[in-house]
Each structure stands twice: as C-alpha cells, then as structure tokens.
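Student: I should like to take a close look at a single part of this model. Please treat it in one connected account.

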Amino acid sequence: MKVAVVGATGMVGEVMLQVLAERNFPVTELIPVASEKSVGKEIEFKGKKYKVVGLQTAVDMKADIALFSAGGETSLAWAPKFAEAGTTVIDNSSAWRMDPTKKLVVPEINASELTKEDKIIANPNCSTIQMVMVLAPLHKKYNIKRVIVSTYQSITGTGVKAVQQLENEYAGVQGEMAYKYQIHRNAIPQCDSFEDNGYTKEEMKLVRETQKIIGDKSIAVTATAIRIPVVGGHSEAVNVEFSNDFDVNEVRNILHHTAGVTVQDNNDTYTYPMPLYAQGKDDVFVGRIRRDESQPNSLNMWIVADNLRKGAATNTVQIAEYLVANKLV
C-alpha cells in the first residue's frame, strides 16, 4: 500500500502522518509531498526517515492513495493528475466538496456511497464534520427541519501563522498577523472571506455541506462562525428543530450509542465538552443537551471536537481505511 501525503509538512499533514501511525494504517511505502521549498527535507514516520518530494515526482510514483492537505488551488490543479495516474485522492480542501460528481464523506454517515470509480473523494469542512456526526443519527429518528449554529473556532483552523500570531501576542512581540485584528483576548466574528449574501465561506460550508452529507436539501441551516483564541478544537452551540417531538433522555441514549460520539452531559458534576479536553482525541463530544423551551420540538446542544483530528486528518484516514477494508483501492 503506497500512500502519498500531499502537504506533509503542514499542520494537518503532520497530524495525518501521526494518525496513520497511531491507527497502524497498512503503509508499505510512504511518499511525503510538499511545495518546492520543502523538497529534500526529511520527515520521520514510524522510526524511518523519508525525503519530501515534489508533486510531479509523486504523481509518477503512482501511489495507491493520496491524502491531500495542501489548499484548494493545489487540489484543483493536481488531484486530477494523481487520479489519472490511478491514485485515489482523498482531499481535505474545499475544492471538490460541492462538485456534484464527487462524494463528500464522513465514514460513520455515508461511506457506503463510495465505489471503485470514485478517484477524488472530498473530506468535509472541520466544523461541518463534528456537527453532522451528532445531527445524522438524530435526523434518522426525529427528522430535522432547521439548524441554527454558532461556532467558536480554534486558531489551528487557520494554520501555523495564526498559532504564531497568538503566541507573539501572549509574549507581547510584534510579528506577522494571520488575522486583521489581535486574536489574544478577542473574538473575531469572521472565519474565511465574505460571500455576496453577507455570510462567510465558513458559514455557507456549514449550510451546503450538511445538506449534502446527510442527503437532505430540505434541512434549513443558518450559521455564524467566530474565531476565538483557543488551540484545542472547535466548539459549536447548536439549536435543532425537529418535525417530531423527542425525549431528551432518548436523545442522549441515541448519541451514546453513536460510533465516534462521546456524550459528556452531567450538570451535577459540571461535565460538558471543552476544547481543552478534546485536543488530541478523535471523538466528537456533545453535552449541554436540553430542550429549547421557546420553540416546539427543539433542542440545544454543545458540540466540541479537535478540528485537526476528526475535523481533518482522522476523517481522511478513516475514509482510506474504508477503501482498503472494502477493496475499493
């Protein structure tokens, strides 16, 4: 099993390598791929050293699977070249997510849609993944009509430059800015650039991707995405209106039995999800589960996950695991 990791020296790429090692993915040959300035650098994987190669070299090496985390432009230009060479690409950027000819996959929800013909598979946005992990089992039972979500997103979603900005601001050092404003002791109500409707791209990803993954365009979603000075993961306050009424304890029970979801919901012991504890873990954590008393058939929840793991690297590796287990590569 020859595996290429495109963007191997980036923040998500490094976590991908870590997750591949942790989960014992059957890599017989690793091909770390990065931009020209990183070519020749060495990275370590499972105690062995590998030299970083460029994109064309990697295409020529004909990997079985290529895990992409190198940005949308690189994916648009290079994923088709890898696919033409017979490599199955699992892409972490937004480049292919809303392409009607490409599958958008969260393995626990819709991996069964995948076939051998799918040579470019899209990995959803981090904030979407953690939300749909909780919404999908509840939609099956109660039928979701509308979702209102406010996100509180980690700076790691922006990348190394944002982490450096926060560290500089902690230390009182002037440095390069990832954001237009100070992030230390602040909350910035903008994740990604604005679209014509006044929403940011991040907010519209939550709308469009949720409908595509769950497979129901009738689900109404509205979102506000906020960047906060946190490292460990993304948090979301989610309000859901169902067609059918529910019992709160039954909701907890459904989520308790959902693979990849951990319920942390006990007010007596002050148990609820927090990014500090989600960091480095693969599960999606849900708590503060309570009925919305202002609206019939409505529920409030608090959902937290490590955006670099289940929100990116782990979900990508899980797709690869599904492909291998089902002999689709």
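Student: Which residues in H5 meet which residues in H10?

Tutor: In this predicted model, Cys126, Ile129 and Met133 are the residues of H5 that meet H10, where their counterparts are Lys310, Gly311 and Asn315. Sorted by class, this contact of H5 with H10 comprises three nonpolar, two polar and one charged residues. As to geometry, the axes of H5 (residues 126-142) and H10 (residues 309-325) come within 8 Å and cross at roughly 85 degrees. Because angles of 65 to 115 degrees count as roughly perpendicular, H5 is roughly perpendicular to H10.

The end C-alpha atoms of H10 span only 21 Å, whereas a straight helix of 17 residues would span 24 Å at 1.5 Å a residue. Lysine 327, which follows H10, has a positive phi, near 50 degrees.

H5 also has a part in the packing of another helix, H7: the buried residues of H7 pack against H5, as well as against helix H4 (107-110) and strands S8 (144-153), S9 (220-227) and S10 (234-242). H7 is mostly covered, with 11 of its 14 residues buried; among them are Met204, Leu206, Val207, Ile213 and Ile214, and also Glu202, Glu203 and Lys205. For H7 (residues 201-214), the end C-alpha atoms are 20 Å apart, which agrees with the 20 Å that its 14 residues should span at 1.5 Å a residue. Glycine 215 follows H7 and has a positive phi, near 80 degrees.

Conventions:
Residues numbered from 1 in each chain as written. Predicted model: local features only at pLDDT ≥ 70, side-chain atom pairs only at ≥ 80, totals over all residues. Heavy atoms only, no water. Axes fitted to C-alpha atoms, helices over the stretch in contact; angles between N-to-C directions. Helix = DSSP H or I, 4+ residues; strand = E, 2+ residues; numbered from the N terminus. Parallel < 35°, antiparallel > 145°, perpendicular 65-115°, else oblique. Contact = heavy atoms within 4.5 Å. Nonpolar A, V, L, I, M, F, W, Y, C, P; charged D, E, K, R; others polar. Expected span 1.5 Å × (residues − 1). Buried < 20%, exposed > 50% of the residue type's maximum accessible area, 1.4 Å probe, protein only.
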